[in-house]
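Subject: Structure handover

Hi,

Here is the structure you asked about. My notes follow below it.

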Amino acid sequence: MEATQRIACNADLINPLFTMGIQVSCVLVLSHFFHLVLKPLGQPGPIAQILAGVVIGPSALSKIGVVKKTFHSSSEDYYQILGLFSRIFFMFLIGLQLDLPYAMRNMRRVGTVALGGAITCSVFGAAVSLFLYDVLEIKGSKFLFALALMIIITNAASPVAIRLAVDYKLATSDVGRLVISSSLINDICCALLVCLMSIFSAASSKIGGKIRNGFLCLILLGVVVILNKHLSLWLNKRNRNLKHLKNTEFFCVLSLIVATAMFIEWSGYSSIVSCFLMGMMYPREGKTARTLMHKLSYSIHTFVLPVYFGYTGFQVDLGHLKSLENAEIVGAIVLLSIGGKITGTLGACRSLNIPVTQGVVLAFLLNVKGNVDLVLVGSAVQNYKWSAKANNLLLITIMINTVIVGPVVALIVSRETKSFGYCHVPFERQDPERELRILACVHGPRHVPTMARIIQSSNGAQSTPISPFLMHLIELPEKTKTNLMYNQLQDDELSDDDDYGGNDVVEINDIVDAFFAETGIMTRQLKVVSPFATMYEEVCNGAEDLRASIILLPFHKHQRIDGKMESGKEGVRITNQKVLRHATCTVAILVDRVPQHVAILFFGGPDDREALAYGRSMGMHPHVNLTVIRFLPESSKDHDAGMRIASYRDEVLMSIPGRENENEEDNAFLANFYNRYVTSGRVGYVEKYVDNGEQTVNALRQMGDMYSLFIVGKGGRGQCPITIGMSDWEECPELGTVGDLLASADFDGSVLVIQQHRHQKIELIED
């Protein structure tokens with residue numbers, strides 16, 4: 001706040017502001033250059049941005065007289081203000097994007113990892129504090145210095161950890177989500193300790209005022225959280241027919257956040273925790289939250305964070321390391337920080353049965369430093385009587401601790417691709433209580449309601465977490481030559497990427513918001529603008545980045561009012577076929593009708609087992625009637641080759657008679673399913689005996705009016721005698737033999753055709 005007052009009282013605002021603008025431009029240009037150079041080596045963006053700041057700072061270019069004169073110290077106050085606003089915005093955005101359900105479900109794991117590294121680092125920091133107190137020439141309180149050193153060694157900067165997890169494509173993995181949640185807990189606790197330090201460091205006559213200001217800040221924070229909730233609802237209703245809020249409304253929402261944070265800073269406390277809480281408690285549904293995420297994400301990731309990381313390196317003067325004593329001090333602190341994190345985190349990981357390799361990556365990612373450390377070191381010289389030597393050396397340790405993480409994590413992740421890469425596990429082999437990550441793709445509002453019902457039905461068991469994602473696929477029209485001038489073009493020819501989709505985007509947003517209000521299931525939205533020729537790549541890459549369990553694709557035909565099926569764009573069908581061929585996870589194609597009663601058709605094979613495994617989550621839903629219908633040859637009826645239920649000591653068992661080897665896996669999986677779900681009465685089970693494909697078709701037609709959603713595997717049945725001949729009139733091979741029949745005009749129910757991913761190397765070829 002002192003920097004703000006000095007700027008307000010400065011008569012010459014233009015020259016320092018112009019200088020800071022040049023500095024910011026140089027940081028952005030150099031950071032992009034370093035990023036291009038270091039990206040092939042696996043180094044993330046924050047490392048390049050910190051190095052750009054180091055190059056511009058007193059360690060390198062600022063030693064030149066002309067450069068030093070240009071980057072004079074009068075712009076330091078402006079940098080402090082820029083850093084303050086940066087912290088306000090990105091901590092608010094982190095709270096807004098926080099996966100709170102994951103953190104609440106895994107609070108024990110997250111807390112254990114965060115606490116493990118914090119305890120050992122605190123012990124190490126307290127042990128060396130007395131030695132460093134004399135070496136660094138500290139004149140203030142020994143207790144406060146020991147506490148500050150413990151915070152610096154213990155802290156894990158959540159903005160840096162999140163960016164690193166995203167750049168290494170770990171943000172959606174178990175390790176990445178654990179890093180993000182643990183770093184947030186660590187960061188918030190350290191920020192609270194910094195606030196307590198400001199109270200303890202105050203004179204005895206001012207402690208009462210500090211405590212009073214703290215209660216005022218808490219009251220203000222509660223009022224703003226409640227006000228944000230009502231303001232968000234009002235803005236959502238006011239902009240019902242718009243994609244996003246107007247710029248003036250967006251500015252007003254941000255102004256309220258900034259004003260609250262500035263009041264807390266003026267009261268003598270750090271606004272890091274309050275900004276995070278305001279973001280975490282902000283309503284997630286509606287256009288207000290969607291606008292904040294859209295506009296803040298772009299500006300923060302492309303401008304604010306690069307400048308903030310660059311300023312971290314800009315403050316460092318590596319010239320102090322010329323002294324052997326200083327180099328030894330910095331090396332000792334860095335080793336203590338790394339050793340403490342590795343020791344504590346590996347101990348926590350061992351108790352949680354986390355592999356050692358993942359534990360090492362967790363330790364290094366939780367050792368990055370950032371906002372809390374900079375705030376503490378920056379205020380220590382004035383408030384805690386630290387020497388300039390201590391300030392400079394601790395800034396160097398903060399920078400080195402962060403920079404060293406990049407090469408180490410990149411090396412481990414590149415070598416241990418099996419541990420950190422995306423590896424899909426079929427539903428057939430998954431734990432039923434494992435998180436279900438669904439990527440539902442739609443081409444327009446028509447498909448959204450049915451996709452939403454599928455998602456809701458899949459959330460059957462309350463103990464099974466679900467993370468749905470809705471990807472809006474928009475065709476990018478090919479560019480056509482024109483002789484018109486720029487001012488003669490139509491509006492739709494001038495639209496940018498954000499404008500693609502037209503009013504469909506508004507309708508989809510409204511359906512998603514209504515779905516959240518009805519079910520409480522938060523659906524994250526994505527938008528892909530691509531020509532049909534390469535749209536499958538966007539879908540497959542998106543599923544891999546999100547580590548999706550299943551991809552839901554809409555069928556290229558839709559039902560008309562008279563009940564007949566009408567073909568849509570051929571590009572939709574081609575996209576579905578390519579996704580089925582190239583996706584690295586389970587894929588399902590949905591023939592859109594209205595589902596209420598669900599039937600799983602089981603003929604045998606890996607795809608049918610995957611369909612049965614996916615459908616078991618629907619069977620747990622209280623409003624879904626699920627029936628499993630198994631088709632068997634008529635000849636097996638006399639030989640008792642079907643399922644025979646036997647009672648034995650009040651336990652329901654299933655005996656599986658000897659059959660061909662290729663059917664043993666089907667029988668074993670069905671036996672487990674039957675004993676777990678059918679005997680408890682949650683799922684119905686029926687067997688149909690047929691001789692050939694014609695009888696199978698007749699049986700399917702007889703049950704066509706009984707169910708409104710059929711779930712069936714695409715194929716993988718080999719030479720199945722009860723489906724022979726059905727492929728003669730097959731129209732859509734991507735649906736398989738049975739799925740193609742159910743999608744015809746003879747049936748009224750919706751169809752979900754599922755294909756299990758086969759773990760084999762497939763070359764991507766252009767059709």
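Helices here are DSSP runs of H or I with at least four residues, numbered from the N terminus. The model is predicted.

**Two loop residues**

N353 sits in the loop between α15 (324-351) and α16 (356-365). Its phi is positive, near 60°, and N353 is not a glycine. Most residues other than glycine have a negative phi. Is N353 buried or exposed? N353 is exposed, because its relative accessible area is 70% and the cut-off for exposed is over 50%.

K169 also has a positive phi, about 60°, without being a glycine. You will find K169 in the loop between α9 (158-167) and α10 (174-200). K169 has a relative accessibility of 58%, so it counts as exposed.

**A helix pair**

Two packed helices are described by the angle and the distance between their axes. Helix α18 (residues 388-403) packs with helix α19 (residues 405-415) at an angle of about 15°. Their axes are 5 Å apart. That angle makes α18 roughly parallel to α19, because angles under 35 degrees count as such. On α18, the contact is made by N401, T402 and V403. On α19, V405, G406 and P407 make the contact.

**A surface patch**

Which residues make the nonpolar surface patch? L61, I64 and V66 do, and the patch covers about 270 Å². V66 lies in helix α4 (residues 65-70). With a relative accessible area of 63%, V66 is exposed.

Best wishes

Technical notes
Residues numbered from 1 in each chain as written. Predicted model: local features only at pLDDT ≥ 70, side-chain atom pairs only at ≥ 80, totals over all residues. Heavy atoms only, no water. Patch = residues over 30% accessible without salt bridge, like charges linked within 9 Å, V, L, I, M, F, W, Y side chains within 5 Å. Areas by Shrake-Rupley, 256 points an atom, 1.4 Å probe, with all protein chains shown as cover. Salt bridge = Lys/Arg side-chain N within 4 Å of Asp/Glu carboxyl O. Buried < 20%, exposed > 50% of the residue type's maximum accessible area, 1.4 Å probe, protein only. Axes fitted to C-alpha atoms, helices over the stretch in contact; angles between N-to-C directions. Parallel < 35°, antiparallel > 145°, perpendicular 65-115°, else oblique. Contact = heavy atoms within 4.5 Å.
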